[in-house]
Amino acid sequence: MPVGTAASVKAVPQHLLEALDAQIILGNTYHLYLRPGHELIRNLGGLHRFMSWPRPILTDSGGFQVFSLNELRKVTENGVEFRSHLDGSSHFFSPEHSMEVQIALGSDIAMAFDECTEYPADRTRARHSLDITLRWAMRSKQHFEAHKNERPWGLELADQTPSLFGIVQGGMYLDLRRECAERLVEMDFPGYAIGGLSVGEPRELTREIIAETLPHLPADKPRYVMGVGYPDEIAEYARMGVDMMDCVLPTRAARHGLLFTSEGRVNIKNRKYAEDQNPPDPACGCMVCARYTRAYLRHLITAQEPLAAVLNTLHNLAFYLDTMRRVRAEIELS
Ligand SMILES: [Zn+2]
């Protein structure tokens, strides 16, 4: 899933996301709540209509940003008090409020409000975080079930009932991960996410947590790993049984001139590409590789042309989506 933080996958207009055949994008609840505000989006008919994106949207719970962008947050049983990173104003998110915001946005897949455990965290800290995440998962589910039909566009799309996924936490402790997964499965969500990864832990540990947690989540429901990864990682995780992933890497790296290609990573700012007439990736069939040279992309980013971000992002997203298409074809054949 390409990440569309603030109702935009940075540098890429929606018609080009469709041309890339992105099936679903992610929106960030925290950012949209602060700006332009979920009530404004609700009044304008929901996020799909607001940004003119007719395909599915998954929203995160806001929890991850509250924890990663707010040094001064205050967590209580009821929820989290935090200050806006935009203007310092004070806000409060509870599981119920997170559901209310996600429903107002018109999300197709909403995420339970969780406490993302930082890394490293000792066992006591991870245990506490896990317990509060489980209680918040139940409150999220109760509120979501009671209000999920209050989506902004009324009844015309009422058959498209939105879903709420639970999120497995538990730090880097395998037994806590298993316990969290089992307790969430008892609550019976239509899909499950593994959260609290890509928070600074070594890659081998990420892989181990995924491998040990997956068997405790039902294989016939979507299993989503949040916030990963490099192209080889997403292919590996998909082969292990992960159905969904999101990551800012293809879009963020593109804006810094880092291209993911069949020949490995290409830093397009490098002087050696100044007169390179080859496409960014000779094996890629995307709209950028079909038309432009490495020399041109290097010039654009060196000259700080806005088009650099657009073309680099388009290629990286195409490369990621192609990677997943290949894995899907491989799985279908096996
Ligand atoms: Zn390409």
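This is a predicted model: local features need pLDDT of at least 70, side-chain atom pairs count only at pLDDT 80 or more; totals for chains, interfaces and linings use all residues.
## Basis of the model

Local features need pLDDT of at least 70 and side-chain atom pairs count only at pLDDT 80 or more, while totals for chains, interfaces and linings use all residues. Residues are numbered from 1 along each chain as its sequence is written, and side-chain values use heavy atoms, with hydrogens and water left out.

## Zinc site

The zinc ion has as its protein donors C284 (SG), C286 (SG), C289 (SG) and H315 (ND1), at 2.1 to 2.3 Å; donors are N, O and S atoms within 2.8 Å of the metal (3.2 Å for Na, K and Ca), and because water is not among the atoms, sites may look incomplete. Along the chain these donors are spaced C-x1-C-x2-C-x25-H. C286 belongs to the loop between β13 (264–267) and α12 (294–302) and H315 to helix α13 (residues 306–333), so the pair ties together parts that are 29 residues apart in sequence; helices (H or I, at least four residues) and strands (E, at least two) are DSSP runs, numbered from the N terminus.

C286 is buried at 6% relative accessible area, and H315 is buried at 0%, where buried means under 20%, exposed over 50% and partly exposed in between (1.4 Å probe, protein chains only).

## Partly exposed and buried residues elsewhere

F50, found in helix α4 (residues 47–51), is partly exposed at 37% relative accessibility.

S107, by contrast, is buried, with a relative accessible area of 3%, and sits in the loop between α6 (95–105) and β7 (109–111). The S107 side chain reaches the backbone oxygen of I109 at 2.8 Å.

Methods. A polar contact is a pair of N or O atoms within 3.5 Å; within protein, one must be able to donate a hydrogen and the other to accept it, and residues adjacent in sequence count only if both atoms are side-chain atoms.
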